[in-house]
Amino acid sequence: MQFSSYIFMFVFLPVSVLGYYAAGKTGKYKNSQYFLLLVSIWFYAYADIRYLPVLAASILMNYLIFLLLKKYRMRKALLAGAVILNLGVLFYFKYYNFFIDNANRFFGSDLSIKTLVLPLGISFMTFQQIAFIADTYHGKTADCSLAEYALFISFFPHIISGPIITCEEFVPMLRDKSRRNVNWDRLAAGMYLFAMGLGKKVLIADVLGRGVDYGYASLAELNTTSAVFISVAYTLQIYFDFSGYSDMATGISRMLNLDLPVNFNSPYQARTIVEFWDRWHITLTRFFTRYLYIPMGGSRKGEKRTWLHTMVVFLCSGFWHGASWTFVVWGFLHGLFLLLTKKAARIIERIPGWVNWCVTLLFVNAAWILFRAGSFGVFREMCKVLLANDWGALHPELCRLTRSFIWAWIPGFPDWAGALLYLFLSGIIVLKCKNAIQKAQDFDFSWHSGAFTVIILILSVLSFSNVSTYIYANF
């Protein structure tokens with residue numbers, strides 16, 4: 001069930017919000033928890049009920065290890081076992097075929113490939129449970145019930161897109177009795193945030209995505225102008241797609257009087273790649289810093305070890321995004337560029353900020369080409385078109401697919417102008433406008449904000465028939 005679907009908008013979301021507060025009126029705060037757990041299970045099972053046992057088994061296994069860590073010794077063995085088990089489940093569903101395929105190529109074997117469907121949110125769920133066990137090992141986790149833990153893992157707003165939350169961030173909110181009561185200001189801010197995220201996803205990311213999908217499927221038909229267009233369009237698409245879902249998750253949580261940590265903070269406004277990673281997928285960066293970089297030694301063991309630790313983190317980050325060598329190389333390039341940026345920090349400080357911003361954004365855009373290509377063959381084809389110096393008109397089908405329905409109402413408005421204008425306006429939103437989280441922090445309900453929320457929701461719902469799949473659902 002996607003957030004941008006009719007059943008979610010008109011059935012699931014109203015039932016969840018109304019039912020949560022109705023359960024809170026019963027006088028027992030745990031009823032609200034139980035209700036949220038039930039709707040989260042419904043949300044998960046709706047995607048593919050066959051994987052509901054995977055979720056249940058994973059939760060029970062990790063909760064049992066949590067109890068053992070609290071009571072018995074052999075703590076290191078329990079921690080190691082938990083990490084191995086969690087990563088083993090992730091490996092089987094997400095990476096098994098990748099390793100079998102590479103083994104067949106390298107050794108000339110004929111091992112069979114399995115038909116596996118990736119369980120919903122397994123990457124986010126795995127990392128969240130590893131963090132929970134590691135925090136328990138270090139004595140940072142208080143007692144929690146099985147129901148609280150199950151809801152912490154399966155909470156429906158964040159299971160698809162994150163953010164990756166910690167137990168100490170989430171469970172105390174569940175126990176706060178004041179959060180069972182409707183807070184109208186927070187409810188209004190949540191609806192506003194949800195509308196902003198839905199608009200980002202449906203009205204911008206999906207519009208640009210149609211052109212991107214066509215372009216990558218038809219590289220032989222494109223000239224350099226069209227290739228540049230789809231590379232920039234994908235850079236904007238993945239931003240609006242991921243940040244849109246993050247805003248929707250935050251907005252839904254706020255409607256329920258709960259809070260999720262910020263996962264995006266205008267990353268394309270960053271002036272260095274170091275700053276970019278402080279702003280993009282913030283909770284994933286936090287996870288790798290806390291549970292991989294620092295345990296390896298961080299920057300405490302000399303410059304060479306620091307470089308090694310940084311590269312390991314970025315290689316793991318790339319591999320986390322998908323079972324393909326292109327993702328690994330993407331992570332390697334980001335890690336290398338970050339290390340070079342830190343090494344040249346004194347020089348970079350003397351360069352005008354706008355130059356640093358241009359260099360950073362050009363690198364990010366170039367790296368997204370490899371990320372989107374999915375294979376080195378497609379990446380090479382894309383690079384050939386980009387370097388062909390074949391400048392000319394945009395491909396007409398690319399323009400038709402990318403232009404928004406907004407321009408269709410203007411008689412005689414050409415497709416190419418609509419496509420370029422939509423790309424330009426999308427870029428302006430990214431670079432010049434406050435992000436949704438900043439707006440929500442200063443949110444003050446008025447007829448202006450109410451009308452804006454309603455208009456965005458209506459336009460988005462009218463565009464649901466064109467909704468594409470969520471990019472990060474595959475990661």
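## Ground rules and confidence

The model is predicted, so local features need pLDDT of at least 70 and side-chain atom pairs count only at pLDDT 80 or more, while totals for chains, interfaces and linings use all residues. Residues are numbered from 1 along each chain as its sequence is written, and side-chain values use heavy atoms, with hydrogens and water left out.

pLDDT is the predictor's confidence in each residue, from 0 to 100. The protein chain has a mean pLDDT of 88. In the chain, 96% of residues reach 70 or more. Helices are DSSP runs (H or I, at least four residues), numbered from the N terminus. Helix α16 (residues 353-373) has the highest mean pLDDT among the elements, at 95. Helix α19 (residues 405-408) has the lowest, at 60. Where pLDDT is low, the predicted coordinates should not be read in detail.

## Salt bridges

Side chains of opposite charge can pair when their charged atoms come close. A salt bridge here is a side-chain nitrogen of Lys or Arg within 4 Å of a carboxyl oxygen of Asp or Glu. The count comes to 15 salt bridges.

| Pair | Closest N to O distance |
|---|---|
| Asp-48 and Arg-50 | 2.6 Å |
| Arg-175 and Glu-148 | 2.8 Å |

How covered are the partners? Buried means under 20% relative accessible area, exposed means over 50%, and partly exposed lies in between (1.4 Å probe, protein chains only). Asp-48 is buried, with a relative accessible area of 18%.

Arg-175 and Glu-148 form a salt bridge. This pair links distant parts of the chain, 27 residues apart. Arg-175 sits in helix α8 (residues 167-175), and Glu-148 sits in helix α6 (residues 146-154). Arg-175 is partly exposed, at 35% relative accessibility. Glu-148 is buried, at 3%. Helix α6 as a whole is mostly covered, with eight of its nine residues buried. Among them are Tyr-149, Leu-151, Phe-152 and Ile-153.

Glu-303 is partly exposed, at 47% relative accessibility. Lys-343 is exposed, at 52%.

There is also a network of salt bridges. It links Asp-176, Arg-179, Arg-186 and Asp-259.

## The largest pocket

Rolling a probe the size of a water molecule over the atoms shows where empty space is left. On a 1 Å grid over the protein atoms alone, a pocket is an open set of points where a 1.4 Å probe fits, with protein on both sides within 12 Å along at least five of seven lines; lining residues have an atom within 4 Å of a point. A volume is the space filled by probe spheres set on the points.

The largest pocket has a volume of about 670 Å³. It is lined by 25 residues. Closest to its centre are Val-83, Ile-130, Phe-287, Tyr-291 and Leu-292. Four elements, α4 (75-107), α5 (122-137), α12 (282-296) and α13, each give two or more residues to the lining.

What classes of residue make up the lining? There are 20 nonpolar, one polar and four charged residues. Ala, Val, Leu, Ile, Met, Phe, Trp, Tyr, Cys and Pro count as nonpolar; Asp, Glu, Lys and Arg count as charged; the others, Gly among them, count as polar.

## Single residues

Thr-341 lies in helix α14. At 10% relative accessibility, Thr-341 is buried. A polar atom of its side chain lies 2.7 Å from the backbone oxygen of Phe-337.

Tyr-21 belongs to helix α1 (residues 6-24). Tyr-21 is buried, at 7% relative accessibility. Tyr-21 and Leu-219 are 52 Å apart in space, C-alpha to C-alpha, and 198 residues apart in sequence.

Most residues other than glycine have a negative phi. Asn-257 has a positive phi of about 65° and is not a glycine. Ser-266 also has a positive phi, near 50°. Asn-257 lies in the loop between α10 (224-255) and α11 (273-279). Ser-266 is found in the loop between α10 and α11. Asn-257 is buried, with a relative accessible area of 6%. Ser-266 is buried too, at 4%.

Technical notes
A polar contact is a pair of N or O atoms within 3.5 Å; within protein, one must be able to donate a hydrogen and the other to accept it, and residues adjacent in sequence count only if both atoms are side-chain atoms.
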